[in-house]
Amino acid sequence: MQRPKRTTPASDDEASEVAPLAPEVTPLAVEKDSSSALREGSATSSVFTKLICVIFFVAACFGLDEVRFLHVLLYASHANRPMVNLGIFFCTVVVLLGSYMEYYRASYLGEKLNYESAKTTTQAMLASMILAGVSFSFGLWPVWGWLTWPILFMWLWGFIVPLVVVLPNLLQRIVFGGMIAEGKKLIDAMEGVHRCQNAFWIVVQVSYVLLYVRNDEARFVRWLAENGACVDALAITHNLAGGRGVVATRDLAPDEEALAIPEKLMISEASVKLDKDLGPIFAQHRDLFSRDDPLLATFLTYHIHLQSDSFYFPYLSTLPTPETIQNWSLDELACLQDPQLTQVAEQRNLEIAHWYERITSRLFRLHPELFDEESFPQTSFCFAWQTVQARTFGRRLPWTALVPFADMLNHANYATVYTFDDHKFRWHSSVGYKAGDQVFNSYGRRPNHQLLLDYGFALPDNAWDYLDLDLSLDSKYASILSKFQRRAVMIKARLMPFKTRFRLGPDSTVDALIPYFRCHFLKEAHDDVDVTTPVADVGVERQAWAALLEFLQERAAAFPTTLADDVALLSQSTAPARLLIALTFRIGRKRLLARAQAATQAALDALTAPIETT
């Protein structure tokens, strides 16, 4: 709109009449008024910008604390330490170059700095910042994976930049050096950016904060520390071939105590009976809760429903879905090529269903204020039961118990020791670890079929694996000797007569099997016969070894696939995870058979080889 023109007064009287209402404004006065208005606007904008920066700063501090940023940056041994240290070095270079320009050139020499006069130093600072970001990205990637970039973004834009904005001008120039020319404050340089992007940055920052507030493992570690646990020597990681595990944050000596968990954090048979809600119910229904499985499973199911209202919520929220083969489909179970193991898995599921029906039929009726289908669903009860069977400790404890953090260690056949003293669970390893190594616990001397039932994995070359062989010689081969005679021969050899099941393991040999074949094919019983050693009749000896080889070959042929087929299939990385586990299981069993066949064939070849004469 065009501004109305001011009319000139007709006379001096008119002028004197108008003057008080519209005083004459000189150009200098106009300039002062404009300058004052700008300063007021700038001050208001400055306060608003600083307020936004404070919000960013507080939010970033919260998020960085959730991921233990400072601890990881300075101490995490599973990070790429050379690259992290290189990033710290470049950050130090930035500060040193900024101090050089501000204190030496500007303050001491009195130079008036701008980009042109400090071009080389400014470019060096920019290069150092970029190199620091690249170094930190590579160095911290083993810890956080793809989250490394959002975390570094939070550190820079949510912590460093807002902190510098609210600092005095001198410190701003030390950090940003010649990039802020002629003393212009960083807050003025960023004012336009903040005006346009305030909303965007707030949304981004809040998103990151929410991400880390919901970080179950960060909350879990903080819960442990707040309640007196000592786990500083260990750290949770997901950068392992098998998924989640625990690594050493520093070198651990053999037999050194690596973690200590207070009793109050453990979920044990003793502690659950002290629960203010469930304790009286457990005491009232002792017939239901005399076993540890239904007792602990009921407690877990109830507290899972409580969610954040449960004291154990930080721990319960980290529990993964149990990987037991009880949760496999029928087609996946068939890949194990072990009908007996499939039957055991099905029986375990029936047992869980039986206990759920038994518990709910009573508690739903007598305690509806605590137990109903919503608060106590069968899926949660099944999850809790399988968690108890897979994650509890007990052999060296006064009772069966879930021990937070200790149950995150993966299994290996290493000797480990845990004790319970001074109301704390203390875990030691008999082997040493270097910083960054995965730390293992021993779940016990378990064969692969037991590992599959409880934990859902199988170990290649498991030293404790075995294969049971069912032997029934009478159903296939006739024997000259009567059962009474054969019994006498076996008793004389101090062996169990007519044994039908034999265990074939990595350290066992066919020497445990062959005496029964020798006894079965004996033509006559002598007082001096000893079936634990080769018999004098070479024909009987050959017949015994040939029958044993035939027995082993038939057992191997009963598998739908051969050992060679399975080895070839295992080498295909595209195979589903559960198929790979099943292959590892059945390859181990077939190798035990193949080893026994090779030993039997060698013994038979030695008997049939021509005798050299001189």
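Select Glu-554, which is partly exposed at a relative accessible area of 40%; buried means under 20% relative accessible area, exposed over 50%, and partly exposed in between, with a 1.4 Å probe and protein chains only. The model is a predicted one, in which local features need pLDDT of at least 70 and side-chain atom pairs count only at pLDDT 80 or more, whereas totals for chains, interfaces and linings use all residues. Residues are numbered from 1 along each chain as its sequence is written, and side-chain values use heavy atoms, with hydrogens and water left out.

Lys-476 forms a salt bridge with Glu-554, and their closest N and O atoms are 2.2 Å apart; a salt bridge is a side-chain nitrogen of Lys or Arg within 4 Å of a carboxyl oxygen of Asp or Glu. This pair links distant parts of the chain, 78 residues apart, with Lys-476 in the loop between β11 and α18 and Glu-554 in helix α20. Helices (H or I, at least four residues) and strands (E, at least two) are DSSP runs, numbered from the N terminus.

Next, display Glu-550. Lys-476 forms a salt bridge with Glu-550 too, with 3.3 Å between the closest N and O atoms. Glu-550 belongs to helix α20 (residues 538-557) and Lys-476 to the loop between β11 (467-470) and α18 (483-492), so the pair ties together parts that are 74 residues apart in sequence. Lys-476 is partly exposed at 40% relative accessibility, and Glu-550 is partly exposed at 31%.

The structure holds 24 salt bridges. For another of them, select Arg-426 and Glu-257, whose closest N and O atoms are 3.3 Å apart. Arg-426 lies in strand β9 (residues 424-429) and Glu-257 in strand β3 (residues 257-262), so this pair ties together parts that are 169 residues apart in sequence. Arg-426 is buried at 15% relative accessibility, whereas Glu-257 is partly exposed at 31%.

Now move to helix α4 (residues 81-108). Its 28 residues reach 38 Å from the first C-alpha to the last, close to the 40 Å expected at 1.5 Å a residue; the expected span is 1.5 Å times one less than the number of residues. Buried residues in α4 include Phe-90, Val-93 and Val-94.

Which residues does Ser-128 touch, not counting those up to four places away in sequence? They are Phe-90, Val-93 and Val-94, where contact means heavy atoms within 4.5 Å. Ser-128 lies in helix α5 (residues 119-144) and is buried at 7% relative accessibility. Its side chain reaches the backbone oxygen of Ala-124 at 2.9 Å.

Return to α4 and select Tyr-104, which lies in this helix and is partly exposed, with a relative accessible area of 39%. Just after α4, Gly-110 takes a positive phi of about 75°.

Note on methods:
Polar contact = N/O pair within 3.5 Å; in protein donor to acceptor, adjacent residues only side chain to side chain.
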